[in-house]
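Take a walk through the model below.

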Amino acid sequence: MARRVTGESGGSTVVKAARRPEIRLPPLVPYGGGLEPDGDYDGLEFRDADLAGQDGGGARFMDCALAGCALDETRLTRARFLDSVLTAPRGVGTDLAEATLRDVELTDARLGGIQLHGAVLERVVIRGGKIDYLNLRAARLRDVVFDSCVLVEPDFAGARLERVEFTDCAVKGADFNAATLTDVDLRGAASLDIARGVDRLAGAVISPGQLVELAEVFAAELGVRVG
């Protein structure tokens with residue numbers, strides 16, 4: 001599927017749209033335990049669980065729902081979240097380095113310093129909430145939608161983004177240094193502030209208004225002084 005948007009000049013730009021997850025959770029079993037390294041969690045509901053500081057490295061979450069869970073300093077390196085829903089997670093320093101998120105909905109997050117470097121995100125929707133200092137360095141994002149959320153200093157350095165959409169969200173101080181973008185649609189961002197890597201926006205689409213707002217950043221990248 002492709003999105004066709006008519007610009008102010010009357011022309012149109014076609015961008016391949018992100019494929020969104022279609023999650024149909026089975027009846028879930030309430031789970032009151034903690035996390036274990038390489039644990040296997042299937043068809044479970046974690047509700048208001050305090051998982052702070054626990055080690056779930058390498059764990060697999062399949063057809064799971066996590067609602068209102070505390071994830072401060074939780075270790076989930078190389079964990080796999082498949083066909084799962086995470087609602088209102090909160091925490092600082094959650095470590096999801098090299099994790100896999102496939103067919104996942106993440107809503108109303110309140111997270112800071114979350115580590116997703118080297119991770120793989122495919123058919124993921126991140127909706128609502130606020131994430132400070134999101135580290136997606138060298139990650140691979142395909143069919144990802146950031147919707148109505150606030151991203152403060154997200155780090156996409158060295159990442160590969162394909163069919164990624166930003167819709168009604170605020171992006172503050174983003175770093176795209178050395179990133180590779182393909183069919184990335186930034187036009188729907190309510191605000192767009194790029195701190196580094198504006199030269200890597202080939203493969204992205206921005207609106208005429210955003211071009212004006214980013215003019216100073218583009219000029220600085222080209223070494224043009226505006227006076």
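What follows goes from strand pairing to cavities and then to salt bridges.

This is a predicted model, in which local features need pLDDT of at least 70, side-chain atom pairs count only at pLDDT 80 or more, and totals for chains, interfaces and linings use all residues. Residues are numbered from 1 along each chain as its sequence is written, and side-chain values use heavy atoms, with hydrogens and water left out.

Start at strand E8, residues 80–87. Strands are DSSP runs (E, at least two residues), numbered from the N terminus. Two strands pair if DSSP finds at least two bridges between them. Strand E6 (residues 60–62) runs parallel to E8 over three bridges. Here Met62 has Leu82 as its bridge partner. Strand E7 (residues 65–67) also pairs with E8 in the parallel sense, over three bridges.

Now look inside. The structure holds two cavities of 30 Å³ or more. A cavity is a set of points on a 1 Å grid over the protein atoms alone where a 1.4 Å probe fits but cannot get out; lining residues have an atom within 4 Å of a point. Volume is the space filled by probe spheres set on the points, which are joined across faces, edges and corners. The largest cavity takes up about 140 Å³. It is lined by 16 residues, and Leu96, Leu101, Leu106, Ile114 and Leu116 are the closest to its centre. E10 gives the most to this lining, with four residues. The second largest cavity has about 30 Å³. Its lining is Leu66, Leu71, Leu76, Phe81, Leu86 and Leu96.

Turn to the charges. Side chains of opposite charge can pair when their charged atoms come close. The whole structure has 18 salt bridges, each a side-chain nitrogen of Lys or Arg within 4 Å of a carboxyl oxygen of Asp or Glu. One joins Glu122 to Arg102 at 3.5 Å, N to O. Glu122 lies in strand E11 and Arg102 in strand E10, so the pair ties together parts 20 residues apart in sequence. Glu122 is buried at 16% relative accessibility, whereas Arg102 is partly exposed at 30%. Buried means under 20% relative accessible area, exposed over 50%, and partly exposed in between (1.4 Å probe, protein chains only).

Another salt bridge joins Asp155 and Arg137 at 2.5 Å, N to O. Asp155 is buried at 14%; Arg137 is partly exposed at 40%.

How values were computed: 1 Å grid on protein atoms, 1.4 Å probe; cavity = no way out; pocket = protein on both sides within 12 Å on 5 of 7 lines; lining within 4 Å.
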